[in-house]
Amino acid sequence: MKVIHVITRLILGGAQENTLHTVEDQHTLHGDDVTLVIGPSEGPEGTLVPRAMQGGFPVEVVPSLKRSILPFDDLKAYRHLVRLFKELKPDLVHTHSSKAGILGRLAARKARVPVVHSIHGAAFHYGQSRVAYNSYVAAEKYVSKWTEKFICVADAMRDAYLAEGISTPDRYVTIYSGFDVDPFLSTQHDRNAIRENLGFSSEDIVVGKIGRLFHLKGHEFLIESARQIVQQDPRVKFLFVGDGILRQQFEDQISQYGMSDSFRFTGLVPTTQIPELMSAMDIVAHTSQWEGLARVLPQGLISGKPVVSYDVGGAGEVVIPGETGYLLKRDSIDALTAAILELATDPKLRQQYGEEGRRRFADQFRHQTMTEKIREVYQDVLRQRADRHA
């Protein structure tokens, strides 16, 4: 098949890794003719562009395809995409995330190319202004008319879109976001050495949070919870993996609370380092205020770690209370404190939850499984389109 994928920023993030894995697998495992179209990918979040450039498939950078709403640039990006689609004549266009999803689907309609759209996280979500929320709902309703299929990373994404009257249930399919599972299953990580390099002792109970230090990612709730946790159990330490614009603010806040010795910041790390950092943790915490289905949740479970998460997006599809972890009300602090303290004092419970998570999800989240299912969606779309035009 000849496929063009479109996404804005190819930063270090779940949607971007999902997209890149799909393109790489289609090119390498299935021999498809794939082109990846991206916008500028700069910022403190890091970039996957060097990896993409080494993939052996064409990568087209569109300078005007930016994440922010910029009418002049958006029009330029739309026209660029229309020209590209008409020139390359793909069998299908696959768009990813909000901005690229809207512009890409409009351009695919103009170029008369069928289009599939992946919902990695709803375009409209908690934390947006009412104007922004309603605008994205209206835009998604409009472009849904030319969307052959929606691929959702969790059932929760499908439910959110259907609740706003966007398309019909038959156009949605859930395919969990895949990644390279084997490094998280590996027993080769030198846990003690990694912990020592991070400044943790063998007696410490390490709570890890992986994510950009950015608004709505919820680090502030874990910091507030830590004030209570450290008072009750000084063995508990916290590891923040990632970087972003709020790092200095968080470090200052932690210092003001007198907890600097209890926190470690890794800064930006390559995605290949995440499995070994997971191995150094005892508990994985995820306190984002909105997500699609954060890959840190299955990654933590496949690493054999219990997970404590706020109940947002698709978290409840992998964090199963009493079996793989704790699912808490968004923004709660007391419940977060209680869950972490309970796990900190019960190593058998940590092991039980981690082993069950690994058993349930190791095969389900392999990127090869994801790509095969996505290609089945493509084939179904192209078959139905051929039948309509027969």
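Which residues of H15 are buried? In this predicted model, the buried residues of H15 are His367, Met370, Thr371, Ile374, Arg375, Val377, Tyr378 and Val381, where buried denotes a relative accessible area under 20%, exposed one over 50%, and partly exposed the range in between, computed with a 1.4 Å probe on protein chains only. They cover an arc of only 150° around the axis, which places them on the same side of H15, the arc being that of the directions from the helix axis to the C-beta atoms. An α-helix has 3.6 residues a turn, so residues three or four places apart point the same way. On the other side of H15, Glu376 and Asp387 are exposed. The buried residues of H15 pack against E1, helix H1 (14–28), E4, E5, strand E6 (149–152) and strand E7 (172–174), with contact meaning heavy atoms within 4.5 Å. The 22 residues of helix H15 (residues 367–388) should span 32 Å at 1.5 Å a residue, and the end C-alpha atoms are 32 Å apart, in agreement; the expected span is 1.5 Å times one less than the number of residues.

Residues are numbered from 1 along each chain as its sequence is written. Local features need pLDDT of at least 70 and side-chain atom pairs count only at pLDDT 80 or more, while totals for chains, interfaces and linings use all residues, and side-chain values use heavy atoms, with hydrogens and water left out.

The protein chain contains 15 helices and 13 strands, taken as DSSP runs numbered from the N terminus (helices H or I, at least four residues; strands E, at least two). Its radius of gyration is 21 Å, close to the 21 Å that the globule rule gives for 390 residues, so the chain is as compact as a globular protein of that length; the radius is taken over C-alpha atoms, and the rule is 2.2 Å times the number of residues to the power 0.38. Buried residues make up 56% of the 390 residues, and, among contacts between residues at least 6 apart in sequence, 70% join residues at least 24 apart.

An open sheet is formed by 6 strands in the order E10-E9-E8-E11-E12-E13, with parallel pairing, two strands being paired if DSSP finds at least two bridges between them. Strand E10 (263–267) and strand E13 (325–328) are the edge strands, each pairing on one side only, and the twist averages 20° from one strand to the next. Within this sheet, strand E8 (residues 205–210) and strand E9 (residues 236–241) run parallel and are joined by 6 bridges, Val207 having Phe238 as its bridge partner in E9. Helix H13 (residues 334–344) packs on the sheet, touching E8, E9, strand E11 (283–286), strand E12 (307–310) and E13, and its direction makes about 175° with that of E13; axes are lines fitted to C-alpha atoms, for helices over the stretch in contact, and angles run from 0 to 180 degrees between N-to-C directions.

In H3, the buried residues include Asp73, Asp74, Ala77 and Leu81, and what covers the buried residues of H3 includes strand E1 (2–6), strand E2 (33–38) and helix H4 (98–110). H3 is followed by Lys89, which lies in the loop between H3 and E4, has a positive phi near 50° and is exposed, with a relative accessible area of 61%. Arg112, in the loop between H4 and strand E5 (115–119), likewise has a positive phi, near 60°, and counts as exposed at 72% relative accessibility.
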